[in-house]
Amino acid sequence: MTGSLKHRQADDLRFALLRDGLIAADGSPVELPETFRKALSQLLDVLEKSPDAVVLPADDTLTTGQVADMLGVSRSTVTRLVDKGELEASGSTVHRRITAAEVQRYQQHRQRVRRQAVRELAQDIGPETPPDRAVRTR
């Protein structure tokens, strides 16, 4: 799947933001808070990989179905994650709500766990590790 921004376009925008910043209507430079730069950089990353992006305030609450769509899992998986304490939710056991910030925290946590697993796997592979062999079935 291609994004709505080409890699070169995203890089040009990142560079312009870092080098030039933004200019106000009167021509004066606009000081950009670090949180804004980080958010805009993340948006560029998303738009480079995907044709769509959803931007939500951190304190917006989402249903388990909406969270499932965002994570690419079933609603029952989200419910299990809440029950196990991996996702924090408010509300009753029937009408649970999860903040957008909590979904982002969970996604970042899962990404760190996956990257660590890959690093550990890579450390297990060395020159003495035998190559995979094809198994003859006939």
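Start by clicking on Arg114, which is partly exposed, with a relative accessible area of 49%. In this tour, buried means under 20% relative accessible area, exposed means over 50%, and partly exposed is in between (1.4 Å probe, protein chains only). Before moving on, know that this is a predicted model, where local features need pLDDT of at least 70, side-chain atom pairs count only at pLDDT 80 or more, and totals for chains, interfaces and linings use all residues. Residues are numbered from 1 along each chain as its sequence is written, and side-chain values use heavy atoms, with hydrogens and water left out.

Now widen the selection. Arg114 sits in helix α5. Helices (H or I, at least four residues) and strands (E, at least two) are DSSP runs, numbered from the N terminus. Which helix gives the largest share of the positive patch? That is helix α5 (residues 100-124), with 3 residues.

What makes a patch? Its residues have over 30% relative accessible area and no salt bridge; like charges are joined within 9 Å, and nonpolar side chains (Val, Leu, Ile, Met, Phe, Trp, Tyr) within 5 Å. The accessible areas come from the Shrake-Rupley method with a 1.4 Å probe, and for residues only the protein chains shown count as cover.

For a nonpolar patch, select Leu22, Val30 and Phe36: together they make about 230 Å² of surface. Leu22 belongs to strand β1 (residues 22-23) and is partly exposed at 38% relative accessibility.

Next, hop over to the sheet. Look for 3 strands in the order β3-β5-β4, an open sheet with antiparallel pairing. Its edge strands, β3 (61-62) and β4 (90-91), each pair on one side only. Two strands pair if DSSP finds at least two bridges between them. Between β3 and strand β5 (residues 96-99) there are 2 bridges. Pick Leu62 and you'll find its bridge partner in β5, Ile98.

Time for salt bridges (a side-chain nitrogen of Lys or Arg within 4 Å of a carboxyl oxygen of Asp or Glu). How many salt bridges does this rule give? The count comes to 7.

Zoom in on Arg8 and Asp12, whose side chains form a salt bridge at 3.4 Å, N to O. Both lie in helix α1 (residues 7-19), 4 residues apart, about one turn of the helix. Arg8 is exposed at 61%, while Asp12 is partly exposed at 40%.

For the last stop, select Arg14, which counts as buried at 19% relative accessibility. The side chain of Arg14 meets Asp45 in a salt bridge of 2.5 Å, N to O. This pair links distant parts of the chain, with Asp45 in helix α2 (residues 34-49) and Arg14 in helix α1, 31 residues apart. Arg14 also has a salt bridge to Glu48 (3.0 Å, N to O). Glu48 lies in helix α2 and Arg14 in helix α1, so this pair ties together parts 34 residues apart in sequence.
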